Amino acid sequence: MGSAPASDAPSDVYLRPTVKTAAKLLVVGHFAVGKTTFVGALSEIRPLRTEEVMTQAGALVDDLAGTRDKTTTTVALDFGRLTLSDHLVLYLFGTPGQQRFTQLWQDMTRGALGALVLADTQRLDQSFDVMGVLEELGLPYAVAVNHFEGAPLHELDEVREALDLLPETPLVRCDARDRESSTRALIALVEYLIGRNGELERT
Amino acid sequence: MTPRRRPPERLVRSYVVTDGRAFPSRNTLDLVTMVVTGEDLPLTGLSPEKCRVVELCRPGALSVAEVAGHLALPVSVTKVLVADLMDSGHLVTRAPFVPVNQASNIRILEEVLDGLRARL
Ligand SMILES: Nc1nc2c(ncn2[C@@H]2O[C@H](COP(=O)(O)OP(=O)(O)O)[C@@H](O)[C@H]2O)c(=O)[nH]1
Ligand SMILES: [Mg+2]
């Protein structure tokens, strides 16, 4: 593990020398909703994972030192990369988003243009948490329902109501395993972000 | 999510790798700050982990997050190592896009949109 894996050609690992700008978007959602699958479907590199081990005591700034259980938790994020032009690269970071007070979460959200929330119609209630975190941060988001076989196909109107989305929040369906479908979900997010920035600019 | 346990050895190791420092010498490193090797300086005197970072970056540029991912190091540790290697001249970095106003956001988002549409 001294360098990039020998199985990958250098061109599949390293950035093009002409790349000048890197931008980032987040892919968030609860456990097993399909974040890793989504990032993997879009990424030009083998998706990577990085982990941060932290003590729960360390995450609680106001806690009296030493009085807490020092069990450790692992904060993990998966990410992938898409070179979108000779000079622009987009990074996608996938995370459950529960660890909102950690440095890793701050690193991930700082400078991010927006987030795609993946949702599963069988567990919509589990999406509220991460949507709340994004709202607190003021990070704009779109929602993509990742359809799992066997799950009842709900009308998007019903899903919108169940998730209590704002009328302007885009809501689309996707199959996280499919590159084209996942690309379309990201496009819906980016179109929304462009419109929103345009509105903010005019006010 | 069930938090997975790690052997405590790993925490200790991270601490040693960074000479006991928890914070990088500069606070400007982002997950998507791009890293490339600078002048071709000798690696003598560098810790094994710093050598691994320089070796990894020799063939081309990578983001801080990718360096962490390839070397299986936590991001916090990677940032300390990269910052030190910038100080010593082994690495140079290129800052990522930073949102400053709506106009610059729109410019970059339009480029992202064009790039995504071209992939369909
Ligand atoms: N049928 C189906 N399975 C999926 C889909 N997306 C993800 N999965 C599966 O669901 C499981 C959890 O997905 P994963 O991407 O690991 O979820 P994460 O925890 O959000 O990263 C994996 O076994 C995937 O193969 C999908 O769209 N349809
Ligand atoms: Mg995952």
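Chain A exposes about 9500 Å², of which carbon and sulfur atoms supply 52%; accessible areas come from the Shrake-Rupley method with a 1.4 Å probe, and for residues only the protein chains shown count as cover. The model is predicted: local features need pLDDT of at least 70, side-chain atom pairs count only at pLDDT 80 or more, and totals for chains, interfaces and linings use all residues. Residues are numbered from 1 along each chain as its sequence is written, chains are lettered from A and ligands numbered from 1 in the order in which they are written, and side-chain values use heavy atoms, with hydrogens and water left out.

Of the 203 residues of chain A, 53% count as buried (under 20% relative accessible area, 1.4 Å probe, protein chains only). Its secondary structure comprises six helices and seven strands, taken as DSSP runs (helices H or I, at least four residues; strands E, at least two). Along the sequence the pattern is β-α-β-α-β-β-α-β-α-β-α-β-α.

| Item | Value |
|---|---|
| Residues in contact (heavy atoms within 4.5 Å), chain B | 52 residues |
| Residues in contact, chain A | 62 residues |

Together the chains bury about 5200 Å², 63% of it on carbon and sulfur atoms; this is the accessible area (1.4 Å probe) lost on putting the two parts together, summed over both. Four salt bridges cross the interface (a side-chain nitrogen of Lys or Arg within 4 Å of a carboxyl oxygen of Asp or Glu). B:Asp30 and A:Lys24 form a salt bridge through their side chains, at 2.8 Å, N to O.

Terms used:
Buried < 20%, exposed > 50% of the residue type's maximum accessible area, 1.4 Å probe, protein only.
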